[in-house]
Every structure is written in structure tokens, then in C-alpha cells.
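Trainee: Could we go through this structure together? I would like to learn what stands behind each label.

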Amino acid sequence: MKYRAPLICTVAGLLFIINSFAQSTKINNDPDAVFKQAKDYYQQQYYSLAYPLFKDIYYHPVNGNFPATIQSEAKYYYILCGLQLDDSAAASLAVDYINLDNNIPRIQLLGFYLGEYYFRKKDLPDALTYYNKSSIENLSNDEVADLKFHKGYILFTMQQFNEAKPLLDAVRQLKNNTNYVDANYYYGFIVFYQKDYSEALKAFTVAETSPTYNNIVPFYIAEIYYFTGDKEKALSYAENKIKQGNQYYDLQLKQLAGHLWFDKKEYAHALPYLKEYVAKTDKVKREDLYELSYCYYAAGNWKESIAGFKQLGGKEDSLAQNSMYLLADAYLKTGDKPSARNAFLFCATNNSNDTQKEVSSFNYAKLSYELGFTDIALKSLQNFISTYPKSTYLLEAKELTISVLANTSNYKDALSLFESLDVKTETAKKIYPKILYGRAVEMINDQQLDKADVLLTKLISVPFNEKQIQLAYFWKGEIAYRNNRLEDAVNYLVNYLKSPQTNGEVNAANAKYNLAYCLLKKEQYINSLTYFQQVSSSVSTAATALEQDAYVRAADCYFMNKNYKQALVMYENVIALNTKGSDYALFQKAIIAGAYNKSNDKINLLQSMVKQFPNSTLVADANMEIANTYLANENFDNAIPPLQQILNDKAATAFFPKAYLKLGVAYFNLDKNDDALKNFTQLVAKYPNSGESDEAIEYIRNIFIEQQKPGEFIAFMKQNGKPVAYNEQDSLTYRSAMLRYEAKDYAGAQTGFTEYLKSFADGKYAIEANYFVAEIFITKKDFNAALPYYNAVAAKAPNKYAERSTLQSARIYYFDLKDNGNAAKYFAQLKSIATQQENKLEAMRGLLRCQYKLQQWKDAMDNAQDLLKEKAIATDDKMMANMILGKSYQLDSLSDNALLSYKQVTTLGQSEFSAEAQYHIAEILFQQNKLADAEKAGFETIKKYGSYDVWVTKSYILLGDIYFKQKDLFNAEATYKSVAENATDTALKKEATDKLAIVIAEKAKTEKVEQQ
């Protein structure tokens, strides 16, 4: 763009100035001559000479001889000269003149020059304002052309194209005008914008002749050829200009050339142009990146095609779908099936092309199956079969579905799917037993024993169950044993042993061991001995814990049959090898010595056991046996130390009532009545409801009477809730109810016991009455009604019925009321008072489950470790105990310890515990930045534990986190997208959605594609 600069002074002007000095005397003598001379300068465009003369006339009229009209005219020309000379003071005067004067022609002319002034100053808004106040009537042709061009240019910059267009068009008709080329250039842009390509081509062709524009307009000319359908000309023109070089829009020309070659399917020619364009452009359109990626794809350059295609997902259009389809194929070409699967997922969720959607849906399902995502494969295949019943892939899809069912570990969904089938084919029926068995084992591990039992019963009756029926007998025997249905347990285990099969912990040894325990509980010692001996007929340090325990139990069977000689030989074998259970064997050896009336040997053996095994759970039993032996031999002095040792043992609280009683008896027989009374008093005060407390009363009575203190005896009895004379009605009421209970008139007994408790809430038989009412409710299966009565008995522990009552309360709270807090309270109490090993074991197991559900990881640590020390505990106990240890270690940031515990869980079988443990293994590895190992562990969760949706979903999210940390945004996006669209857990769905948004935002910052 050009405009005419003001003429300051020429050589001729200088000669004129010299000549003018010769006339200075005349001018000074003729004021009109000064004005005429100034106008003459002005008309000859000598503005710098005219300017001071007009200024002097305007500001300093000579002797006042200038008329007002001349002064006014001098002011006008003074302003015009100032504008031409870019004097800012003149601009201010011009504004005032235009606003205040009423000489329209002069105002219009002054408006033009003021506009020109502002135009030169690049103050375009003000320039336009004063151009609009001008008129062409008083302008020369050149000035008219300048006005139109400058005004058109300003309107162009303001994007007022419709107003600019006619002004620029007028100037481009003047070929000799200095603004002719510029006008064509800007006019060309306007009509190009308006898609008047014919006019634009004419204008740009003119502009191309100018050095100013000949490296700018070629791009637009090439585009015009392209837009008007002359693609060959566009391509040849563009390539010719690219070869000439020095093009302002060189990259854009290469983009166009690449696109034109791409349209011709000449991908090898297109590739270098598109490659350079994309490489040198910060952000490109999706179409450009697609074309470049396709060129790489066509050339077999899978790596580069993948890098481009994977940036083109996330939209719901055909370009995105086709990109994902080709991306999947490129991944398959490189053997990257996991990434191909994700690409097919993107394609399958896009509705732009039905054929690609169908093919991608099938391939997504197929790859899910091949990669071990059996739960997703199953759902995807079923959805495919339903959606595309006429697909050419239908037969293969059905065959794959059968394969998934045959190989899946997702027994929960597999069972649900099978049972939903309207027509169950023979192929499906053949798979059904495997599904029933797998799901039953999962339920056993998840402590859903009753539901598992139902499935196993069904398994026994269905066809094609040959491979599973013996396994079912084993587990039904195990469930019956745990539920104390000993007769059923015996029958099922015997059936299993008729044709035993091995599958993990299902084996003949475990079956015989469990069967032997059932018979032992049933006091069938000879039969029990037979099976224990089949498990282990000898003992060694290399034997398993189960074999060692079976050997000891076999010795117990001999002991119970009073074959002490054989029992002794076996106990001594255990003691000699110092294997697990040696403390028990030594204890039993002492008991046998006592049976042979060898009191001293018995005592020595028991004392040896206490010394050799100070941490044994039998220490209290041993001390009690020592004391009993001394008491039986009336050696009261020696009975006292072992009893005091019991009272100093915090782990022996269950023995405290007996210890206090026997200490009191010992002191009483030594005539140490004060010491005797002290122990009896502590017994009654601390354990008023124990049987031992009742026994102590007679001793206390004799001591007080002997001391001639009957009043103190009466006061003592009242103080401890044991009045001296029980009301006869108390005993009669209780006895009446008890007679009905013994006659199995439970309704009458319940009424009688209830009436007794109303009348004698703290009566002598309140514990018994509460217990028997609870037992009656249990026979009616009214567990909630039984609970307060069991609680009342448990609250007065220790007593004869406390152990069973505490156990029943714990069970009701846990199984029926799902009240884990109260269940934990009673299981903990049971653990501290239980004298029967099986009850203590159930207490530990129940407490552990409550603590797990209450997430009391720290509190559960000791209990978990205690349980793991028990002999032959069930697999699910080991799982939960290790799970708790893992969680506690993880909370303490002891990651390596946590990993060991979690890995122990996963080796024990398939359950929700192992699913969660496998997830935490992946989680810890991720936190340790072992991303490859974390990814592998996450996939293990997904592949092996399909029945557990929460842990599978969390593992998918973790995989997304891994990909994101690896900056693999494509797979991160695909993974989060899958969870966000399919998760059923609201919290996990939101987590995936939020993380998906972060990935998309990161893509916008780091990838080539511009956001549209």
C-alpha cells in the first residue's frame, strides 16, 4: 500500500525563494502581497514556505490592515499547510474549525486533509471519522482516488467488507493510480472471503505482479483453483511456487499440495508435503493429521501411523471412527493386541459407520477373550450376538462365547448367564457342573456356606458332573462339619473317599483328617483312630502340620480307649522329635502317669512341661493339674505355688475361679483361715455367678462360724448378692419350670422360666433360667428373641453356661443381625473365657471377620497372628488373617511386608480376599514406581477375579493411572473411558470420569491436533 508524501522543497523552489527575497521590500510595503505570496506558495505545494506566512497573517496582522475575511482565509490555509506538514497543533485547530465553522466546502475539504493526517499517523478510526465528513466535489481526481482507497483500506481492516468492496473496486479500475495494485490485493481478499473466486483470481493475478505481493498471493490463487474444481491446475501451480521458494505461505502451499496428492491416492507423493507441514506447525487440523497418518499406514510405517492415529480419537464423527479402525489394524500389525483392543473399543462406541462399528465390536470381544479379559469378553460377545443376529461373525461369536464359559473364572456371572438361558443346549449343560463347583468354592471362601451348600447339592444331581461330584462331596462334608452336622459330614466325606479326587486342598488326606475329627467328636474313638492313622501312622520333623496333628490325635484315640501304653509310645515319639504339639504330648504323658497312680512322675512331667514350654497355651492346665495332684494327696503346701502361678498368668483368666477356690481350700486345710477367707472372698466378689463361688460359700460359712462372727457372714452374703436364706418360692418356681423342660414341654417351660425371671430377676437360678429360655427360642429358630437371654448369661461370666451363651450371642449378632460391633464384643469375650479349643478357634475366626468388616486393621493384628499359629486352620482363615496383616502393614507404609502378606493371600485360592489382595499388590507396585510390574499385577486382577466387580473396576482405573504416568495418553483415555461408560459403582464411575477429563486436557496441551 502506498500514499503520496507531501512535497517539502525542490531545487526550483530554492531558486524561487532566492528570487523572492529580492521582492521582500515590496511585500513588506503591501500587506495584500504577503497573503497573495502565501497562497501562491500553497498552490505550488510549497507548504513549508506558505505555512509561516499564513501563520503570521493569522496571528500578527500588519498595522491591522488585513481585513477579517483575509484573516479567516489565512487561518484556513494555515491549518491546511499544518496538516500537510503533520503539525499536531494544526490537527487540533482543524477539529475546532470543522466543529465551529459553517463554510461547508471548506469543512469538507478540511475533513479530507484531516483524515489524511490521521491516516498517515495510522490513527484509522479518527481518519475514517473525518473522511466521512469530506466530499469529493472539491477534490482532485488523485485525491478522490486516495480518499476511496484509504477509506476502503480502513473499512477492510475493520472487516466491514461490504462497505470496503466498492471503494477498493473503484480504485482498481485506475490502472495508472499508485494504489492500483494495493486495491486489487485487498479487493481480492474480500471477494475471496465472499467466495467470488472468479473476481478474486483476477484481483490476485494483478497483485501477483508486484514484488510486494508475489510471494503472498500464490497460496490463495492455488486455493482458488482447488475450490473451483481445477485440482490439477491447483496442484501444478502450488508445486511450481513451492519450487520457486521464498513463499510467505510455504507451509500452507505444501499442506495443499499434500492434500491434493492424497485425494489422488498418491500417498507416497503426499507424504513429504504433509510430513513437513505437520512437523513445522504447532497445532494442525484433525484432517491433516489423519491424511499424514494414513500416508504412513499406506507405506507400512506402522510406528508413525500409530503415533498420528491415536491422537484422533475422542470424537463421535467418521474421521475419529476410521482413525481408530486403522489404528487397531496398525497395532495388530505390530503385535500390540492390548492397544488394538482399546482402539477397537473407541471404534465400536462410534455410530458413524455401522459396518466398522460391527466389525470393531466383534474384534473388541475377540481380543478381550484372547487377552484373558474373560468377563468383558463374555459380556461383549453376548451383546454382539444380541445386536447383530445376522452378522457374518455370528457363528464365531457363539463359539467364542462357549469357550469363554468353559474357561472363565467368573463363575458368578457365568452361573447367572446359564440360568438365564431359555434353551440350554447340551454343550451348555456340559459346562454347568464346572460353573456350579467354581461358584460354590468362591462362596465357601467368602463365608457364604449355606448358599454354597445349595449349589453343591444341585451339582450332585445334574448330568455331566463326573469331574466335579467327588469334589462336591468333599466340600459338603466340610460345610456340614463347620455347622456341627457331624452325621452329614461323615456321610459326605465317606462318599468322597470312595473315589477321591485331588484339587488343591481337596484331597484324601484332608478328607480323612476331617472325617477322623467328626468321629472323634462323636466319641467313636476306634473309627476315628483308623482315619487319623491313614493320614499319618508315624511322625517326623519333615511331616506337615496336618500330619503331625493327626499323629497326636491318633494317640488321643488310644488314650480315650484307655490304651495308655500305646498312647504313651506315640506321645514320647512326638516329645523326642520336639515337633509342634510336643507340649501337649508331654502334658498327656503326665496325665497317663497319673492314671498309673504315679503322682510324683506326673508332677515332675508337668513341671518339666511348664519349664520347657513357658509360652504354651497348656501352662495353666499343667499348673492346675499339679495343684489338683497335690490336693488329692493332701499336700496342701505344695499345691499353693502352682495355683498362685495361674493367678499371675493374664492368659489364664478362665482358670481364675478354680484357682481361687482351690487356694482357699488349701489354706483352709492348713488352718490358715485368714488366707483362705481372703481367696474365697475374692472368688465370690469377682466371680459371683461361677459354680466355684457357690462351693466357696460353705467354706466361708464355716470360717465365720468358727470365728464366732455369724453377723459378719450374713453381711458378707448380702454384700455379694447371696442372701443366707433363699426363698422357698424361688426354688419351687425354678424347679417347676425345669421339670417341664426335662419333659420337653418347651412351651410350658418357657412360661415357667419367664415367670421365674419376673419374680426373681436376681434369683439363685437366674443364670439357668435365662440360659434355658434362650435355648428354647433357638429350637424355634427365633434367634432375636434368644439374644437378650444369652446376653444376660454372658454378662455374668464365668459360669457354667457362659461359654456357650457368649458363642451364641456372637453368632446371632454376626450372622443374623449383621451387627459387627456387638459381634466383635462377644467373640472377644469368648476368646478370653473359652476352655474348648473349637470354641476358642471360632472366637478368633469370628472376631477377625468382625474386625475386618469394621476396618480395625491395627486392633486385628494380634488376633490375626494368633489365628495363623493355630493348627490346620481353614484356607479362608489364612486368607483373611494375611489380608489384615497386609492392610495394617500398608497403612504403616511397610510396603514390602504388605506385599508378602498380600501374595500369601493370592496363593491360597480364589475369593474376594484374593481379588482385593491382588489389586493392592498392583497398587503398591505403582506407588513404588514399578510401572511394568504394576501393570502386570493389575491385569492379573482383571483376568483371574472377574466375579468381583469392584476390584476389577479399581484395577482398570489403576491401569489408566499407569498409562497416564507413562504418558501413554491413548491407552489412558481408552481405559478411563471404558470405566466411565460401563462402571456400575457410582464413586468409581465418577473417579474414572474425572481422570478422563484430565487426560483429555493433557492431550490438548501435548498433542498436535488443534481443539475444535
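Mentor: Gladly. Keep in mind that this is a predicted model. Let us begin with the disulfides: the structure holds 0 of them.

Trainee: How do you know that Cys 518 is in no disulfide?

Mentor: A disulfide needs a pair of cysteine sulfur atoms within 2.5 Å. For Cys 518 the nearest cysteine sulfur belongs to Cys 557 and is 13 Å away. That distance is not within 2.5 Å, so Cys 518 is in no disulfide.

Trainee: Why is Cys 518 called buried?

Mentor: The word applies under 20% relative accessible area. Cys 518 has 0% relative accessibility, so it counts as buried. Cys 295 has a relative accessible area of 2%, so Cys 295 is buried as well.

Trainee: Now the backbone. What makes the bond between Ala 797 and Pro 798 a cis peptide bond?

Mentor: Look at omega, which is about 0° for the bond joining Ala 797 and Pro 798. Most peptide bonds are trans. You will find Pro 798 in the loop between helix H44 (783-795) and helix H45 (802-816).

Trainee: Why does Lys 265 count as exposed?

Mentor: Exposed means over 50% relative accessible area. Lys 265 has 59% relative accessibility, so it counts as exposed.

Trainee: Where is Glu 523 found, and what is its phi near?

Mentor: Glu 523 is found in the loop between helix H29 (508-521) and helix H30 (525-535). Its phi is near 65°, a positive value in a residue other than glycine. With 56% relative accessibility, Glu 523 counts as exposed because the cut-off is over 50%.

Trainee: Why is Asp 933 called partly exposed?

Mentor: That label covers the range between the buried and exposed cut-offs, under 20% and over 50%. At 43% relative accessibility Asp 933 falls in between, so it counts as partly exposed. Asp 933 belongs to helix H52 (residues 931-944). Its C-alpha atom is separated by 9.5 Å from that of Ile 921, a residue 12 residues apart from it along the chain.

Trainee: Let us move to the rings. Why are Tyr 771 and Tyr 801 called stacked?

Mentor: Two tests apply: ring centres within 6.5 Å make a pair, and planes under 30 degrees apart make it stacked. Tyr 771 and Tyr 801 are 4.2 Å centre to centre with 20° between the planes, so both tests are passed. Tyr 771 lies in helix H43 (residues 766-779) and Tyr 801 in the loop between H44 and H45, so the pair ties together parts 30 residues apart in sequence. Both of these tyrosines are buried.

Trainee: What makes the pair of Tyr 852 and Trp 857 edge-to-face?

Mentor: Here the planes must be over 60 degrees apart. Tyr 852 and Trp 857 have 75° between the planes and are 5.2 Å centre to centre, so they form an edge-to-face pair. Tyr 852 is buried, as is Trp 857. By the pairing rule the count comes to 82 aromatic pairs.

Trainee: Which ring does the charged end of Arg 553 sit over?

Mentor: The ring of Tyr 584, and the charged end is 5.0 Å from its centre. Likewise, the charged end of Lys 965 sits over the ring of Phe 926, 5.1 Å from the centre.

Trainee: What is the volume of the second largest pocket, and which helix gives the largest share of its lining?

Mentor: The volume is about 670 Å³, and H22 gives the largest share, 7 residues. By class, the lining of this pocket divides into 10 nonpolar, 9 polar and 5 charged residues.

Notes: Residues are numbered from 1 along each chain as its sequence is written. This is a predicted model: local features need pLDDT of at least 70, side-chain atom pairs count only at pLDDT 80 or more; totals for chains, interfaces and linings use all residues. Side-chain values use heavy atoms; hydrogens and water are left out. Buried means under 20% relative accessible area, exposed over 50%, partly exposed in between (1.4 Å probe, protein chains only). Helices (H or I, at least four residues) and strands (E, at least two) are DSSP runs, numbered from the N terminus. On a 1 Å grid over the protein atoms alone, a cavity is a set of points where a 1.4 Å probe fits but cannot get out, and a pocket is an open set with protein on both sides within 12 Å along at least five of seven lines; lining residues have an atom within 4 Å of a point. Grid points are joined across faces, edges and corners, and a volume is the space filled by probe spheres set on the points. Ala, Val, Leu, Ile, Met, Phe, Trp, Tyr, Cys and Pro count as nonpolar, Asp, Glu, Lys and Arg as charged, and the others, Gly among them, as polar. Rings of Phe, Tyr and Trp (its six-membered ring) pair if their centres lie within 6.5 Å; planes under 30 degrees apart count as stacked, over 60 as edge-to-face and the rest as tilted. A charge sits over a ring if NZ of Lys or CZ of Arg is within 6 Å of the ring centre and within 35 degrees of the ring normal.
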